[in-house]
Amino acid sequence: MTASTMHCWARLLKASLAVALCLYLALASAGSIEPVKAALVPTEEGHALSAEFAIDLGPRVEEAVTHGIALYFNLELELTRPRKYWLDEHIAGHSLTYRLSYNPLMRQYRLSTGPLQQMNFASLEQALRALGRITSLPVLEKGRLKIGETYLAALRLALDKSQLPKPFQLDALAYRDWQVEAKVLNWQFQATEAAK
């Protein structure tokens, strides 16, 4: 092997390693929202959702919210009843939108689900912890589920990229570090009555 051939192979190896490192960093910096646990709890009014999510937005999305870009998240719950010889019956769907923003004057993160329900936090970690913890959210009125029947539930919390400002929507489509993978939690449960 000649010296020029060896030099060429060395340059090719360095370039391959650089590309591999860039791909690894791009994959490592993507975020995720993963459901940890969830349950539908019977109440006197119907059924309420309690759930917990592990949220990692990734450094690029965290930086965006810290610089004043509001992020919107959609919580989606779908309930179906399995049927033996036909498609599953759709029972109910519930969705809720959260808005996460940062106020630089107050140095606070704000999490809201509408104009009346707002919570302020000193750190992004605290705001994400509150976003990822849902307790006793009413999702079904009384009488929608038959006691003793088996149902299937699917739950997801996802970043709504369509609510980002237009230039950031393009970034969210083109760059891996803007991707926040939202996983779905599926579980089966039997409807019960509220404890008296």
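Strands S3 (residues 71-81) and S4 (residues 89-103) pair in the antiparallel sense over 11 bridges. Two strands count as paired if DSSP finds at least two bridges between them. Strands here are DSSP runs of E with at least two residues, helices are runs of H or I with at least four, and both are numbered from the N terminus. The model is a predicted one, in which local features need pLDDT of at least 70, side-chain atom pairs count only at pLDDT 80 or more, and totals for chains, interfaces and linings use all residues. Residues are numbered from 1 along each chain as its sequence is written, and side-chain values use heavy atoms, with hydrogens and water left out.

The hairpin of S4 and S5 has 4 residues between the strands. Arg107 lies in this loop. Its phi is positive, about 55°, although Arg107 is not a glycine. Most residues other than glycine have a negative phi. Arg107 counts as exposed, at 62% relative accessibility. Relative accessible area sorts residues into buried (under 20%), exposed (over 50%) and partly exposed (in between), with a 1.4 Å probe and protein chains only.

Ser136 also has a positive phi, near 50°, and is a residue other than glycine. Ser136 is found in strand S7. Its relative accessibility is 53%, so it counts as exposed.

Ser101 lies in S4. It counts as buried, at 11% relative accessibility. Its side chain makes a polar contact with the side chain of Arg99, at 3.3 Å. A polar contact is a pair of N or O atoms within 3.5 Å; within protein, one must be able to donate a hydrogen and the other to accept it, and residues adjacent in sequence count only if both atoms are side-chain atoms. Neighbours within four places in sequence aside, Ser101 is in contact with Val65, Ala70, Gln108, Tyr109 and Arg110. Contact means heavy atoms within 4.5 Å.

Strand S2 (residues 46-56) holds His47. His47 is buried, with a relative accessible area of 8%. Asp56 counts as partly exposed, at 39% relative accessibility. Its side chain reaches the backbone nitrogen of Gly58 at 3.2 Å. Beyond neighbours within four places in sequence, Asp56 is in contact with Ala30, Gly31, Ser32, Glu62 and Val180. Asp56 and Ile33 are 23 residues apart in sequence, and their C-alpha atoms are 6.2 Å apart in space.

Ser123 is found in the loop between strand S6 (118-121) and helix H3 (124-131). Ser123 is partly exposed, with a relative accessible area of 26%. A polar atom of its side chain lies 3.2 Å from the backbone nitrogen of Gln126. Ser123 and Arg110 are 13 residues apart in sequence and 9.7 Å apart in space, C-alpha to C-alpha.

The largest pocket holds about 300 Å³ of space. Of the 14 residues that line it, the closest to its centre are Leu96, Tyr98, Thr113, Gln117 and Met119. On a 1 Å grid over the protein atoms alone, a pocket is an open set of points where a 1.4 Å probe fits, with protein on both sides within 12 Å along at least five of seven lines; lining residues have an atom within 4 Å of a point. Grid points are joined across faces, edges and corners, and the volume is the space filled by probe spheres set on the points. S4, S5, S6, H3 and S7 (133-141) each supply at least two residues of the lining. S7 gives the largest share, 4 residues.

Overall, the protein has 4 helices and 10 strands. From the N terminus on, the elements run α-β-β-α-β-β-β-β-α-β-β-α-β-β. Buried residues make up 32% of the 196 residues. Among contacts between residues at least 6 apart in sequence, 65% join residues at least 24 apart.
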